[in-house]
Amino acid sequence: QNTDSMGCYGNPDVKTPHLDRLAAEGITFDRHYVTTAICMASRASVMTGLYEYRTGCNFSHGDLLAATWKQSYPVLLRKAGYRTAFAGKFGFELRESPTGKRLALPAADFDRWGGSPGQTHYETRKNKAMAAYADEFPHSTLAYGAFARDFIRQVAPSGQPFCLSISFKAPHKPSTPDPRFDDLYAGTTFRKPANFGRRHGSHFSKQSRQGRQFRRFTEWGYADHYDAVMAVFHQQIHAIDVAVGMIREALDQHGVADNTVLIYTSDNGYFCGAHGYGSKALPYEESSRVPLLIHDPRHPNSGRRLRCGALTGNIDFAPTILKLAGVPVPAGLDGVDLMPLYDDPQGSIHQSLALINVWGPPATHAMAVVTRNSKYIHWGYAADGFE
């Protein structure tokens, strides 16, 4: 999910009321980056607070080591007395050692588990841990909202602190929206971003055109069927918005809304035709800069429609969550606590962030650094005809 997919980020054509309310009540981050713009590596960074080169985790490169997982925020919170739950696309696998056997997904590390391996399925029934929700919610997006609702109902009366992590598959390809929202964007003409189309990508590197991101401008229909493609994309995100509403309603119903911090983000963005590209992975803005909303109902700054232009990254979630919970943060994490920016949205926590892509055709591999005012991308691949 990219930033141009929500009303609170300035898109007038979309319907995201629950996310827009979350933004109004909390803080919206305008310079939030995934340090690797692809799901497996990004989700490992979210859980651990480490860059990809520290986790070693990405498609075709390696699974997350069990020892690294044991220092992730869900494991450390549960060890400290939190009730924990996870549902959705777990996103990566675990191994005991780099050459050892692949381990089972860590369902036993959570009090309630609704996770699935690989890319998961939009059809709820095909996700084994979520099959009980298939009759009521045959599409997985709202099923994850129901899972969250039930976990909150179960844990809230105990008075124990809890940490609930929901990882939606939507709006990942192949586009498979929930048919209950089929009429939502019927006939809608979506405004295109100012940098839409090939002529706005002519200055991009030759290396970046060697991967599927360049082809998918046409293969995924952005060039010729933009409105139809974007209607499906935004329909999927609207279903996430509805699921967020289900979660917030459960927090209200069970009396824990005033003491629960909500964090909403994405594991990477889609180009959606910007610069004449589709897909993700490259360190350009549309794939690497993603939404981030945080609402801490206990904070005096809440309700002020705060916006923050500070540089933040997906490596910051683990230390932030641990510090909010009063749990010691492991030494040596790459990320830092985000909450000082809730105190002072004009503040700063990073001078720079690394953006890494070492997946896909070698020509598309890139190392980048982004600062508050600029970005430098180094394309390491060199051959005849390349710069």
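Visitor: What makes Cys 308 count as buried or exposed?

Guide: This is a predicted model, in which local features need pLDDT of at least 70 and side-chain atom pairs count only at pLDDT 80 or more, while totals for chains, interfaces and linings use all residues. Residues are numbered from 1 along each chain as its sequence is written, and side-chain values use heavy atoms, with hydrogens and water left out. Buried means under 20% relative accessible area, exposed over 50%, and partly exposed in between, with a 1.4 Å probe and protein chains only; Cys 308 has 0% relative accessibility and therefore counts as buried.

Visitor: What makes the contact of Arg 125 with Asp 135 a salt bridge?

Guide: The term requires a side-chain nitrogen of Lys or Arg within 4 Å of a carboxyl oxygen of Asp or Glu, and the closest N and O atoms of Arg 125 and Asp 135 are 2.9 Å apart. Both residues are in the loop between strand E6 (112-116) and helix H6 (140-155), 10 residues apart; helices (H or I, at least four residues) and strands (E, at least two) are DSSP runs, numbered from the N terminus. Arg 125, at 48% relative accessibility, counts as partly exposed, whereas Asp 135, at 70%, counts as exposed. By this rule the count comes to 20 salt bridges.

Visitor: Which residues are linked with Arg 149 in a network of salt bridges?

Guide: The network links Arg 149 with Glu 136, Asp 150 and Arg 153. Within it, the side chains of Arg 149 and Glu 136 meet at 3.7 Å, N to O; Arg 149 lies in helix H6 and Glu 136 in the loop between E6 and H6, so this pair ties together parts that are 13 residues apart in sequence. Arg 149 has 22% relative accessibility and Glu 136 has 46%, so both count as partly exposed.

Visitor: Why is the salt bridge of Glu 285 and Lys 375 said to tie parts of the chain together?

Guide: The side chains of Glu 285 and Lys 375 meet at 2.7 Å, N to O. Glu 285 lies in helix H9 (residues 285-288) and Lys 375 in strand E13 (residues 375-379), so the pair joins parts that are 90 residues apart in sequence. Glu 285 is partly exposed, with a relative accessible area of 25%, and Lys 375 counts as partly exposed at 28%.

Visitor: Why is helix H2 described as largely enclosed?

Guide: In helix H2 (residues 39-48), 10 of the 10 residues are buried, so the helix is largely enclosed by the rest of the structure. Among these buried residues are Cys 39, Met 40 and Arg 43. H2 is followed by Gly 49, whose phi is positive, near 75°.

Visitor: What makes up the largest nonpolar core?

Guide: A nonpolar core is a set of buried Ala, Val, Leu, Ile, Met, Phe, Trp, Tyr and Cys residues joined through side-chain atoms within 4.5 Å. The largest such core has 39 residues, and those with the most contacts inside it include Met 6, Met 130, Ile 152 and Phe 162. Its largest share, nine residues, comes from H6.

Visitor: How many cavities are counted?

Guide: On a 1 Å grid over the protein atoms alone, a cavity is a set of points where a 1.4 Å probe fits but cannot get out, and lining residues have an atom within 4 Å of a point. Grid points are joined across faces, edges and corners, and a volume is the space filled by probe spheres set on the points. The count comes to one cavity of 30 Å³ or more, and the largest cavity has a volume of about 40 Å³. Its lining includes Val 34, Pro 283 and Ile 356.

Conventions: 1 Å grid on protein atoms, 1.4 Å probe; cavity = no way out; pocket = protein on both sides within 12 Å on 5 of 7 lines; lining within 4 Å.
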